[in-house]
Amino acid sequence: MRTSHGLATAQKAATDDRMITQNDRIKLARQFIEAIPHSRALGMSLEQIGDGIAIISMPYDERLVGNPATGVIHGGAVSALMDTCGGAAVMSHGDAPVGTATIDLRIDYMRAATPGQRIRARAECYHVTRSVAFVRATALDDDDDNAVASATGAFTFQRAKGA
Amino acid sequence: MRKPEPVQVIKTRRDAALRGLVESVPYIQYLGVQFDRRGDELTAVLPYREDLIGNPMLPAIHGGVTAAFLEITSIIELTWSSQWADMEEGKLAGDTLPPMPKTIDFTVDYLRTGLPRDAYARARVNRSGRRYASVHVEAWQDNHDRIFAQATGHFLMPTRDDG
């Protein structure tokens, strides 16, 4: 994902005004994520965000099937979810970046997602340097104990001037 | 000496096999990825569309779309090249689709911003064994020399009936 300004503006607004609650913050972030044309096209929905952690889910959709014989969702759609979720996690980091872009993303596919079930990705931005953010993510369907896929990625971390 | 097949017969057979492969996958149709063929060489084409955008400010193609495009290109190239010999001998069974390889892992390098225009990609199968395959893929837009993303993926090959 490449993003700038939008979520940062939402976050800035949120941190500037301490009266704004965590719920408002999530609401603003959700509006931003759901305004990304491709994320919206895939029906992605932000479930949780804050302190470098984001959870985004994507409904099962027959248009996204990669294997017509089994009805399993294409890995590419899972990539789109992981990338969006990774970018959102970076943007929610406490150091308040003004933008981020994916440098690289590796996805391991452990098993096929069960057809008909929603896929939920949880990404954690576990370390940032002056200009790089490191992220790991997991994708799950209804079976919480067996992940569908996991990902690790590096993202650019654009700090506000003077920060 | 055997008379060579008429060129149109060969072309029709190859195009039909490729079309069967590409049109069978809903997600390829959803993203609108097409394949140009010159002999056995395939070039994937991703026509630009507004709902492929990940950052409306820049604007830039969604990193997930880029990843999906690269993964689709890899899987089609791998399936195409592994069924080539059978296809040429007329051994492909009519309407039944060849089993697809499964992605084990996929690593994408984002080198430049994906611009709001058509993208192209070509994959190279670096190793294709009985069980596993390794594929490298590169994507570009206006200038072939300016690759905007590349990826390496490992795939589990479908088990063949003939052992």
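**Loops, a helix pair and the A–B interface**

Q: In which loop of chain B is the place of B:Pro59?
A: This is a predicted model, where local features need pLDDT of at least 70, side-chain atom pairs count only at pLDDT 80 or more, and totals for chains, interfaces and linings use all residues. Residues are numbered from 1 along each chain as its sequence is written, chains are lettered from A and ligands numbered from 1 in the order written, and side-chain values use heavy atoms, without hydrogens and water. Helices (H or I, at least four residues) and strands (E, at least two) are DSSP runs, numbered from the N terminus. B:Pro59 sits in the loop between β3 (53–55) and β4 (60–61).

Q: What is omega at the peptide bond that joins B:Leu58 and B:Pro59?
A: The bond between B:Leu58 and B:Pro59 is cis. Its omega is about -15°.

Q: Which phi does A:Asp51 have?
A: A:Asp51 lies in the chain A loop between β2 (45–50) and β3 (53–58). It is not a glycine, yet its phi is positive, at about 50°.

Q: At what angle do helix α1 and helix α3 of chain B pack?
A: Axes are lines fitted to C-alpha atoms, for helices over the stretch in contact; angles run from 0 to 180 degrees between N-to-C directions. The axes of α1 (residues 7–23) and α3 (residues 63–88) of chain B are 11 Å apart. Their angle is about 140°.

Q: How much area do chain A and chain B bury between them?
A: In contact (heavy atoms within 4.5 Å) are 34 residues of chain A and 35 of chain B. Buried area is the accessible area (1.4 Å probe) that two parts lose on being put together, summed over both. Carbon and sulfur atoms carry 59% of it, and the total for chains A and B is about 2,700 Å².

Q: Which side chains of chains A and B meet in a salt bridge?
A: A salt bridge is a side-chain nitrogen of Lys or Arg within 4 Å of a carboxyl oxygen of Asp or Glu. The count between chain A and chain B is one. At 3.4 Å, N to O, the partners are A:Arg106 and B:Asp105.

Q: Which element gives the largest share of the side of chain A that touches chain B?
A: Elements that each supply at least two residues include β1 (2–4), α4 (75–91) and β6 (99–109) of chain A. The largest share, eight residues, comes from β6(A).
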